[in-house]
Amino acid sequence: MDANSIIASLSDKFPDEIYDTDIESNIRIVAKVKPENVVDVCRYLKDELSFGHLCCEFAADYPDRNGIEVIYVIGSYDHPVILTMKALLPRDKPEIESVVPVYWNANWYERETYDLFGVKYLNHPNLKPFIIPAEMIGEWPLRKDYKGFPNRTANNLV
Amino acid sequence: MDEVEQMDVEQTEVQNVGYDDVPGTILTDTNAISEFLKKTKVQDVLNWGRKNSLWFTVNAMGCCGVELLATGMAHYDTDRFGIIPRNSPRHADVLIISGYVTKKYLPALKRVWDQMPSPKWCICFGDCAISGGPFYESYSTHQNIDDIFPIDVFVPGCPPRCEALIQAFVELQKKIEEKKDKGTEY
(Lines give C-alpha, C1' and ligand atoms only; values in the text may rest on other atoms or scores of the structure.)
Protein backbone atom coordinates (compact mmCIF):
# COMPACT_ATOMS: atom_id res chain seq x y z
CA MET A 1 0.00 0.00 0.00
CA ASP A 2 1.18 3.48 -0.71
CA ALA A 3 0.44 6.76 1.02
CA ASN A 4 -2.58 7.71 -1.07
CA SER A 5 -4.38 4.40 -0.65
CA ILE A 6 -3.80 4.42 3.12
CA ILE A 7 -5.24 7.91 3.44
CA ALA A 8 -8.20 6.92 1.24
CA SER A 9 -8.85 3.82 3.32
CA LEU A 10 -8.71 5.77 6.56
CA SER A 11 -10.99 8.51 5.29
CA ASP A 12 -13.54 5.99 4.00
CA LYS A 13 -13.60 4.03 7.24
CA PHE A 14 -13.68 7.04 9.58
CA PRO A 15 -15.26 9.95 7.69
CA ASP A 16 -16.25 11.86 10.85
CA GLU A 17 -13.55 10.84 13.30
CA ILE A 18 -10.62 11.91 11.13
CA TYR A 19 -11.09 15.60 10.39
CA ASP A 20 -7.82 16.40 8.66
CA THR A 21 -5.25 14.47 6.67
CA ASP A 22 -2.04 15.40 4.95
CA ILE A 23 0.43 13.63 2.68
CA GLU A 24 3.83 15.08 3.31
CA SER A 25 5.71 12.68 1.04
CA ASN A 26 5.53 9.12 -0.22
CA ILE A 27 6.54 7.79 3.18
CA ARG A 28 5.13 10.31 5.68
CA ILE A 29 1.41 10.90 6.20
CA VAL A 30 -0.49 12.77 8.90
CA ALA A 31 -3.98 12.17 10.26
CA LYS A 32 -5.71 14.27 12.90
CA VAL A 33 -8.19 12.28 14.94
CA LYS A 34 -10.79 13.20 17.52
CA PRO A 35 -9.50 12.11 20.93
CA GLU A 36 -12.34 9.76 21.77
CA ASN A 37 -11.76 7.65 18.63
CA VAL A 38 -8.04 7.07 18.94
CA VAL A 39 -8.30 3.45 20.08
CA ASP A 40 -10.70 2.52 17.28
CA VAL A 41 -8.44 4.08 14.67
CA CYS A 42 -5.39 2.36 16.14
CA ARG A 43 -7.13 -1.02 16.09
CA TYR A 44 -8.15 -0.53 12.47
CA LEU A 45 -4.61 0.53 11.57
CA LYS A 46 -3.09 -2.52 13.22
CA ASP A 47 -5.57 -5.13 12.05
CA GLU A 48 -6.44 -3.95 8.53
CA LEU A 49 -3.61 -1.69 7.34
CA SER A 50 -0.70 -3.66 8.89
CA PHE A 51 0.62 -0.77 10.95
CA GLY A 52 2.15 -3.06 13.53
CA HIS A 53 4.82 -0.90 15.13
CA LEU A 54 4.16 2.06 17.43
CA CYS A 55 7.48 3.86 17.04
CA CYS A 56 6.82 6.45 19.72
CA GLU A 57 4.12 8.36 21.49
CA PHE A 58 4.54 11.79 23.02
CA ALA A 59 2.82 15.12 23.47
CA ALA A 60 3.31 18.77 22.60
CA ASP A 61 1.99 21.78 24.45
CA TYR A 62 0.34 24.63 22.55
CA PRO A 63 -0.74 27.38 24.96
CA ASP A 64 -1.91 29.66 22.13
CA ARG A 65 -4.27 26.96 20.86
CA ASN A 66 -5.15 26.07 24.48
CA GLY A 67 -4.45 22.43 23.83
CA ILE A 68 -2.06 19.57 24.40
CA GLU A 69 -1.53 17.46 21.32
CA VAL A 70 -0.88 13.76 21.81
CA ILE A 71 1.11 12.40 18.89
CA TYR A 72 1.45 8.78 17.84
CA VAL A 73 4.07 7.77 15.28
CA ILE A 74 3.11 4.41 13.83
CA GLY A 75 5.21 2.44 11.39
CA SER A 76 4.84 -0.78 9.50
CA TYR A 77 6.90 -3.82 8.62
CA ASP A 78 5.09 -4.36 5.31
CA HIS A 79 5.09 -0.97 3.59
CA PRO A 80 7.35 2.07 3.85
CA VAL A 81 4.72 4.55 5.04
CA ILE A 82 4.93 6.08 8.53
CA LEU A 83 1.75 7.57 9.94
CA THR A 84 1.76 10.48 12.37
CA MET A 85 -1.54 10.53 14.21
CA LYS A 86 -2.46 13.57 16.27
CA ALA A 87 -5.21 14.21 18.79
CA LEU A 88 -5.77 17.62 20.34
CA LEU A 89 -6.87 17.62 23.98
CA PRO A 90 -8.20 20.54 26.01
CA ARG A 91 -5.46 22.04 28.15
CA ASP A 92 -7.42 22.25 31.39
CA LYS A 93 -8.50 18.60 31.32
CA PRO A 94 -6.24 16.46 29.10
CA GLU A 95 -7.73 12.99 29.18
CA ILE A 96 -7.53 10.33 26.48
CA GLU A 97 -8.12 6.63 26.21
CA SER A 98 -5.01 4.47 26.53
CA VAL A 99 -3.86 2.54 23.47
CA VAL A 100 -2.09 -0.14 25.51
CA PRO A 101 -4.73 -2.78 24.57
CA VAL A 102 -3.70 -2.30 20.92
CA TYR A 103 0.00 -1.47 21.13
CA TRP A 104 1.43 -2.94 24.35
CA ASN A 105 4.65 -0.93 24.13
CA ALA A 106 2.68 2.29 24.65
CA ASN A 107 2.72 1.49 28.35
CA TRP A 108 5.95 3.29 29.22
CA TYR A 109 5.41 6.03 26.61
CA GLU A 110 2.13 6.93 28.25
CA ARG A 111 3.57 6.86 31.72
CA GLU A 112 6.34 9.22 30.60
CA THR A 113 3.87 11.54 28.90
CA TYR A 114 1.78 11.55 32.04
CA ASP A 115 4.83 12.51 34.11
CA LEU A 116 5.94 15.37 31.91
CA PHE A 117 2.71 16.77 30.45
CA GLY A 118 -0.04 15.58 32.77
CA VAL A 119 -2.00 13.81 30.07
CA LYS A 120 -4.22 11.40 31.96
CA TYR A 121 -4.65 8.07 30.18
CA LEU A 122 -7.92 6.37 30.99
CA ASN A 123 -7.85 2.59 31.57
CA HIS A 124 -4.05 2.51 31.59
CA PRO A 125 -2.89 -0.66 33.41
CA ASN A 126 -0.16 0.99 35.51
CA LEU A 127 -0.27 4.79 35.43
CA LYS A 128 2.21 5.75 38.14
CA PRO A 129 5.32 8.01 38.22
CA PHE A 130 7.97 6.71 35.86
CA ILE A 131 10.92 9.02 35.23
CA ILE A 132 10.45 11.81 37.78
CA PRO A 133 10.22 11.53 41.56
CA ALA A 134 6.73 11.01 42.93
CA GLU A 135 6.69 14.37 44.70
CA MET A 136 7.11 16.18 41.37
CA ILE A 137 3.83 14.80 40.02
CA GLY A 138 1.52 17.74 39.38
CA GLU A 139 4.22 20.16 38.23
CA TRP A 140 4.23 18.86 34.62
CA PRO A 141 7.72 20.12 33.77
CA LEU A 142 7.53 20.02 29.97
CA ARG A 143 4.51 22.31 29.72
CA LYS A 144 5.30 25.75 28.39
CA ASP A 145 4.14 27.58 31.52
CA TYR A 146 6.31 25.54 33.90
CA LYS A 147 7.84 27.83 36.51
CA GLY A 148 9.79 25.35 38.61
CA PHE A 149 13.25 25.76 37.12
CA PRO A 150 15.90 26.34 39.78
CA ASN A 151 16.82 30.03 39.84
CA ARG A 152 19.60 29.48 42.37
CA THR A 153 22.86 29.62 40.48
CA ALA A 154 25.60 27.11 41.08
CA ASN A 155 28.02 28.32 43.71
CA ASN A 156 31.15 27.33 41.88
CA LEU A 157 30.06 28.51 38.43
CA VAL A 158 32.65 31.08 37.37
CA MET B 1 12.34 -12.75 77.21
CA ASP B 2 14.89 -14.57 79.31
CA GLU B 3 17.65 -13.74 76.86
CA VAL B 4 16.89 -10.03 77.04
CA GLU B 5 17.01 -10.06 80.81
CA GLN B 6 20.32 -11.91 80.73
CA MET B 7 21.81 -9.38 78.32
CA ASP B 8 20.69 -6.54 80.57
CA VAL B 9 22.35 -8.18 83.54
CA GLU B 10 25.63 -8.68 81.64
CA GLN B 11 25.72 -5.08 80.42
CA THR B 12 25.16 -3.65 83.87
CA GLU B 13 27.88 -5.86 85.23
CA VAL B 14 30.34 -4.65 82.61
CA GLN B 15 29.41 -1.04 83.22
CA ASN B 16 29.83 -1.43 86.95
CA VAL B 17 33.38 -2.70 86.69
CA GLY B 18 34.50 0.92 86.55
CA TYR B 19 37.22 1.28 83.93
CA ASP B 20 37.12 5.04 84.54
CA ASP B 21 38.82 4.51 87.85
CA VAL B 22 41.90 2.90 86.29
CA PRO B 23 44.31 5.61 85.13
CA GLY B 24 45.50 5.50 81.52
CA THR B 25 42.74 3.17 80.38
CA ILE B 26 40.39 4.13 77.53
CA LEU B 27 37.12 2.38 76.80
CA THR B 28 37.05 0.96 73.28
CA ASP B 29 33.42 1.80 72.59
CA THR B 30 34.27 5.47 72.05
CA ASN B 31 36.40 7.31 69.54
CA ALA B 32 38.84 8.22 72.26
CA ILE B 33 41.70 6.10 70.89
CA SER B 34 41.45 7.45 67.36
CA GLU B 35 41.02 10.97 68.71
CA PHE B 36 44.17 10.49 70.78
CA LEU B 37 46.14 9.03 67.87
CA LYS B 38 45.25 11.99 65.62
CA LYS B 39 47.46 14.17 67.79
CA THR B 40 50.49 11.89 67.47
CA LYS B 41 52.88 10.80 64.75
CA VAL B 42 50.93 7.55 64.40
CA GLN B 43 48.38 9.42 62.30
CA ASP B 44 51.09 10.10 59.73
CA VAL B 45 51.67 6.39 59.36
CA LEU B 46 47.94 5.75 59.13
CA ASN B 47 47.56 8.42 56.47
CA TRP B 48 50.49 6.96 54.54
CA GLY B 49 48.66 3.67 54.48
CA ARG B 50 45.34 5.23 53.56
CA LYS B 51 46.65 7.37 50.73
CA ASN B 52 48.29 4.40 49.08
CA SER B 53 45.14 2.29 49.03
CA LEU B 54 42.44 4.52 47.59
CA TRP B 55 39.91 2.03 46.29
CA PHE B 56 37.03 3.61 44.39
CA THR B 57 33.49 2.50 43.68
CA VAL B 58 32.62 1.73 40.10
CA ASN B 59 29.59 4.02 40.11
CA ALA B 60 29.31 5.18 36.52
CA MET B 61 26.54 7.80 36.47
CA GLY B 62 26.79 9.58 33.13
CA CYS B 63 28.98 9.67 30.07
CA CYS B 64 31.96 10.53 32.32
CA GLY B 65 31.42 7.07 33.73
CA VAL B 66 32.98 5.64 30.58
CA GLU B 67 36.21 7.46 31.41
CA LEU B 68 35.87 6.19 34.96
CA LEU B 69 35.62 2.62 33.72
CA ALA B 70 38.51 3.10 31.32
CA THR B 71 40.66 4.39 34.17
CA GLY B 72 40.13 1.15 36.02
CA MET B 73 41.26 -0.94 33.05
CA ALA B 74 44.72 -2.37 32.58
CA HIS B 75 45.94 0.29 30.14
CA TYR B 76 46.34 2.99 32.81
CA ASP B 77 47.49 0.54 35.49
CA THR B 78 46.20 2.55 38.44
CA ASP B 79 47.32 -0.23 40.73
CA ARG B 80 50.77 1.40 40.85
CA PHE B 81 49.13 4.18 42.92
CA GLY B 82 47.14 1.73 44.96
CA ILE B 83 43.94 2.70 43.16
CA ILE B 84 41.71 -0.28 42.51
CA PRO B 85 38.13 -0.30 41.24
CA ARG B 86 35.75 -2.05 43.59
CA ASN B 87 32.29 -3.23 42.64
CA SER B 88 30.83 -2.92 46.12
CA PRO B 89 30.73 0.43 47.94
CA ARG B 90 31.34 -1.50 51.16
CA HIS B 91 34.90 -2.20 50.00
CA ALA B 92 35.64 1.29 48.75
CA ASP B 93 37.23 4.47 50.09
CA VAL B 94 36.51 6.96 47.30
CA LEU B 95 33.18 7.88 45.75
CA ILE B 96 33.51 9.44 42.31
CA ILE B 97 30.44 11.47 41.33
CA SER B 98 30.82 10.98 37.60
CA GLY B 99 27.88 12.77 36.04
CA TYR B 100 24.68 14.70 36.53
CA VAL B 101 22.81 13.98 39.76
CA THR B 102 19.11 13.85 39.05
CA LYS B 103 16.55 14.35 41.77
CA LYS B 104 15.52 10.74 41.40
CA TYR B 105 19.08 9.41 41.66
CA LEU B 106 20.20 11.48 44.65
CA PRO B 107 18.67 9.14 47.30
CA ALA B 108 20.46 6.18 45.74
CA LEU B 109 23.74 8.10 45.63
CA LYS B 110 23.35 9.05 49.28
CA ARG B 111 22.77 5.40 50.07
CA VAL B 112 25.95 4.40 48.24
CA TRP B 113 27.82 7.05 50.24
CA ASP B 114 26.35 5.79 53.51
CA GLN B 115 27.33 2.24 52.69
CA MET B 116 30.99 3.14 52.35
CA PRO B 117 33.02 2.65 55.53
CA SER B 118 34.82 5.63 56.96
CA PRO B 119 37.35 7.12 56.27
CA LYS B 120 35.99 7.97 52.84
CA TRP B 121 36.58 10.65 50.28
CA CYS B 122 34.63 12.11 47.39
CA ILE B 123 35.76 13.32 43.96
CA CYS B 124 33.58 15.47 41.68
CA PHE B 125 34.30 14.29 38.14
CA GLY B 126 33.14 16.31 35.15
CA ASP B 127 31.28 19.54 34.52
CA CYS B 128 27.85 18.02 35.15
CA ALA B 129 28.76 17.04 38.68
CA ILE B 130 30.46 20.36 39.42
CA SER B 131 27.87 22.87 38.24
CA GLY B 132 25.24 21.05 36.20
CA GLY B 133 27.01 21.39 32.87
CA PRO B 134 24.56 21.27 29.96
CA PHE B 135 21.85 20.36 32.47
CA TYR B 136 22.36 23.61 34.35
CA GLU B 137 18.99 24.93 35.60
CA SER B 138 17.21 21.79 34.51
CA TYR B 139 14.02 20.79 36.25
CA SER B 140 15.32 17.34 37.08
CA THR B 141 18.94 17.79 38.23
CA HIS B 142 20.57 18.96 41.44
CA GLN B 143 22.89 21.93 41.39
CA ASN B 144 25.53 22.52 44.10
CA ILE B 145 26.27 18.90 44.80
CA ASP B 146 29.14 20.06 47.05
CA ASP B 147 26.56 21.17 49.62
CA ILE B 148 25.58 17.54 50.05
CA PHE B 149 28.88 15.63 49.84
CA PRO B 150 32.26 16.66 51.30
CA ILE B 151 34.16 16.92 48.04
CA ASP B 152 37.94 17.06 48.11
CA VAL B 153 38.87 17.33 44.45
CA PHE B 154 36.99 18.81 41.48
CA VAL B 155 37.95 17.57 38.02
CA PRO B 156 36.64 19.88 35.27
CA GLY B 157 36.18 18.65 31.73
CA CYS B 158 33.48 17.29 29.49
CA PRO B 159 34.49 14.56 29.97
CA PRO B 160 37.90 14.77 31.66
CA ARG B 161 40.55 12.41 30.41
CA CYS B 162 41.56 9.35 32.34
CA GLU B 163 44.87 11.03 33.12
CA ALA B 164 42.93 13.84 34.79
CA LEU B 165 41.27 11.34 37.11
CA ILE B 166 44.64 9.85 38.00
CA GLN B 167 45.87 13.40 38.65
CA ALA B 168 42.85 13.93 40.92
CA PHE B 169 43.84 10.86 42.89
CA VAL B 170 47.39 12.16 43.20
CA GLU B 171 46.03 15.49 44.48
CA LEU B 172 43.85 13.61 46.94
CA GLN B 173 46.89 11.68 48.12
CA LYS B 174 48.71 14.97 48.70
CA LYS B 175 45.78 16.33 50.70
CA ILE B 176 45.63 13.22 52.84
CA GLU B 177 49.37 13.37 53.44
CA GLU B 178 49.07 17.02 54.55
CA LYS B 179 46.00 16.22 56.68
CA LYS B 180 43.85 18.68 54.73
CA ASP B 181 41.29 16.24 53.37
CA LYS B 182 37.64 16.38 54.34
CA GLY B 183 37.33 12.65 54.93
CA THR B 184 38.88 12.84 58.41
CA GLU B 185 38.46 15.43 61.13
CA TYR B 186 41.86 16.27 62.58
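In which loop of chain B is the place of B:Pro89? In this predicted model, B:Pro89 sits in the loop between strand E2 (84–86) and strand E3 of chain B. The residue counts as buried, because 20 C-beta neighbours lie inside 10 Å of B:Pro89. When neighbours within four places in sequence are left aside, the contacts of B:Pro89 are B:Thr57, B:Val112, B:Gln115 and B:Met116. B:Ile123 is 34 residues from B:Pro89 in sequence, and the two C-alpha atoms are 14 Å apart in space.

Read from the N terminus, the elements of chain B follow the order α-α-α-β-α-β-β-α-β-α-β-α. Of the 186 residues in chain B, 31% are buried. Contacts in chain B between residues at least 6 apart in sequence were also considered, and 79% of these join residues at least 24 apart.

Strand E3 of chain B covers residues 94–97. B:Val94 and B:Ile96 point one way from E3(B), B:Leu95 and B:Ile97 point the other way, and all are buried. E3(B) runs parallel to strand E4 (residues 121–125) of chain B, and four bridges join the two strands. Within this pairing, B:Cys124 in E4(B) stands opposite B:Ile97.

A helix contact is also found in chain B. Helix H4 (residues 64–71) and helix H7 (residues 162–177) of chain B pack with their axes 9 Å apart, at an angle of about 70°. H4(B) and H7(B) are therefore roughly perpendicular to each other. On the side of H4(B), the residues in the contact are B:Glu67, B:Leu68, B:Ala70 and B:Thr71, and these meet B:Cys162, B:Leu165 and B:Ile166 in H7(B). Five residues of the contact are nonpolar, one is polar and one is charged.

Most residues other than glycine have a negative phi, and most peptide bonds are trans. B:Ser118 and B:Pro119, however, are joined by a cis peptide bond with omega about 0°. B:Pro119 belongs to the loop between helix H5 (106–115) and E4 of chain B. Another cis peptide bond, with omega about -10°, joins B:Cys158 and B:Pro159. The place of B:Pro159 is the loop between strand E5 (153–155) and H7 of chain B.

B:Glu137 is not a glycine, yet has a positive phi of about 60°. With 13 other C-beta atoms within 10 Å, B:Glu137 is partly exposed. B:Asn144 also lies in the loop between H6 and E5 of chain B, and the phi of B:Asn144 is positive, near 55°. This residue is partly exposed as well, because 16 other C-beta atoms lie within 10 Å of B:Asn144.

In chain A, five strands form an open sheet with mixed pairing, in the order E1-E2-E5-E4-E3. Strand E1 (18–23) and strand E3 (53–62) of chain A are the edge strands, each pairing on one side only. From one strand to the next, the twist averages 20°. The pairing of E3(A) with strand E4 (residues 67–75) of chain A is antiparallel and extends over nine bridges. A:Glu57 has A:Tyr72 in E4(A) as its bridge partner. Helix H2 (residues 38–47) of chain A packs on the sheet and touches strand E2 (28–33), E4 and strand E5 (82–90) of chain A. The direction of H2(A) makes about 170° with that of E5(A). Helix H3 (residues 106–117) of chain A also packs on the sheet, touching E3 and E4 of chain A, and its direction makes about 10° with that of E3(A).

The largest nonpolar core has 34 residues, and A:Leu83 and A:Val119 have the most contacts inside it. Helix H1 (3–13), E2, H2, E3, E4, E5 and H3 of chain A each give two or more residues to this core. H3(A) gives the most, with five residues. Leaving aside neighbours within four places in sequence, A:Leu83 is in contact with A:Ile29, A:Ala31, A:Leu45, A:Phe51 and A:Ile74. Another core, of 31 residues, lies apart from the largest one and includes B:Leu54, B:Ile83, B:Leu95 and B:Ala168.

Conventions:
Residues are numbered from 1 along each chain as its sequence is written. Chains are lettered from A and ligands numbered from 1 in the order in which they are written. This is a predicted model: local features need pLDDT of at least 70, side-chain atom pairs count only at pLDDT 80 or more; totals for chains, interfaces and linings use all residues. Two strands pair if DSSP finds at least two bridges between them. Axes are lines fitted to C-alpha atoms, for helices over the stretch in contact, and angles run from 0 to 180 degrees between N-to-C directions. Two residues are in contact if their C-beta atoms, placed from the backbone, lie within 7 Å. Angles under 35 degrees count as roughly parallel, over 145 as roughly antiparallel, 65 to 115 as roughly perpendicular and the rest as oblique. Ala, Val, Leu, Ile, Met, Phe, Trp, Tyr, Cys and Pro count as nonpolar, Asp, Glu, Lys and Arg as charged, and the others, Gly among them, as polar. A residue is buried if 20 or more other C-beta atoms lie within 10 Å of its own, exposed if 12 or fewer, and partly exposed in between; C-beta atoms are placed from the backbone. A nonpolar core is a set of buried Ala, Val, Leu, Ile, Met, Phe, Trp, Tyr and Cys residues joined through C-beta atoms within 7 Å.
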